[in-house]
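Hi,

Here is the structure I promised to pass on. Have a look at it first, and then read my notes below.

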Amino acid sequence: MDEKVIIKKIQQGSREALGMLWKSHSTNVLNLAFRMLKNRDEAEDVLMDIFVSVPGKIQKFRGESTLNTWLYRLTVNECLMRLRSKKRHAELEEEHIDLVTDSALGSKHEEQKDYDPELLEFGLSKLSAETRSMLWLKDAEDLGIKDLSEIYNMPEGTIKARLSRARTVVKNFLQENLNYA
């Protein structure tokens with residue numbers, strides 16, 4: 001079913017359309033929440049909270065972004081609220097750490113795959129949860145700058161600058177601790 005049709009049907013109260021939305025997007029929402037929160041139970045709570053709130057929040061959906069981008073934004077906001085309230089920081093899921101590492105260290109890193117994943121994760125923990133999630137969505141989920149701009153409600157230049165700074169922080173940390181050159 002077309003995305004616009006699904007949105008319209010959910011706005012009209014269709015549970016079937018909400019089920020279709022769940023089927024097509026729940027895994028992405030859960031994965032992003034888990035990467036930000038590093039806790040499966042909390043990620044599942046976020047997933048449920050997002051989809052319980054969709055029928056009410058979709059009434060204000062203007063269609064200026066894709067449904068996927070809108071759901072990512074809801075997820076990022078919910079996770080950041082939870083992180084702020086608990087005053088703890090999340091780390092990226094180790095399964096895709098190579099994508100972020102390659103992004104931070106560049107092509108020279110490909111010749112040198114003997115980095116310490118724990119040290120890399122510690123370097124990533126120096127970033128805010130918001131910046132880590134931004135880096136994840138850009139490098140692992142392959143979202144564009146425009147999508148990130150919509151998700152984080154920031155100008156594209158700000159997104160580019162934050163990504164660049166984040167990569168520099170991680171790269172410098174690894175260079176200091178592992179003599180990457």
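T69 counts as buried, because its relative accessibility is 4% and the cut-off for buried is under 20%. Please keep in mind that this is a predicted model. T69 sits in helix α4, which covers residues 67–86. The side chain of T69 makes a polar contact of 2.8 Å with the side chain of T66. Leaving aside residues up to four places away in sequence, T69 touches D147, E150 and I151.

The other spot I looked at is helix α7, residues 129–139. Of its 11 residues, 9 are buried, so α7 is largely enclosed by the rest of the structure. If you want to find them on screen, the buried ones are A129, T131, R132, S133, M134, L135, W136, L137 and D139.

How do α2 and α7 pack against each other? Helix α2 (residues 15–37) meets α7 at an angle of about 135°, and the two axes are 9 Å apart. That angle makes α2 oblique to α7, and the crossing of α2 past α7 is right-handed. On the α2 side, the contact is made by L32, R35 and M36, while α7 brings A129, S133, W136 and L137. Sorted by class, this contact of α2 with α7 has 5 nonpolar residues, 1 polar and 1 charged. A129, S133, W136 and L137 of α7, which take part in the contact with α2, are also among the buried residues of α7.

Happy to go through any of this with you at the screen.

Best wishes

Definitions and conventions. Residues are numbered from 1 along each chain as its sequence is written. This is a predicted model: local features need pLDDT of at least 70, side-chain atom pairs count only at pLDDT 80 or more; totals for chains, interfaces and linings use all residues. Side-chain values use heavy atoms; hydrogens and water are left out. Buried means under 20% relative accessible area, exposed over 50%, partly exposed in between (1.4 Å probe, protein chains only). Helices (H or I, at least four residues) and strands (E, at least two) are DSSP runs, numbered from the N terminus. Axes are lines fitted to C-alpha atoms, for helices over the stretch in contact, and angles run from 0 to 180 degrees between N-to-C directions. Angles under 35 degrees count as roughly parallel, over 145 as roughly antiparallel, 65 to 115 as roughly perpendicular and the rest as oblique. A crossing is left-handed if the near helix is turned anticlockwise from the far one by less than a right angle, and right-handed if clockwise. Contact means heavy atoms within 4.5 Å. Ala, Val, Leu, Ile, Met, Phe, Trp, Tyr, Cys and Pro count as nonpolar, Asp, Glu, Lys and Arg as charged, and the others, Gly among them, as polar. A polar contact is a pair of N or O atoms within 3.5 Å; within protein, one must be able to donate a hydrogen and the other to accept it, and residues adjacent in sequence count only if both atoms are side-chain atoms.
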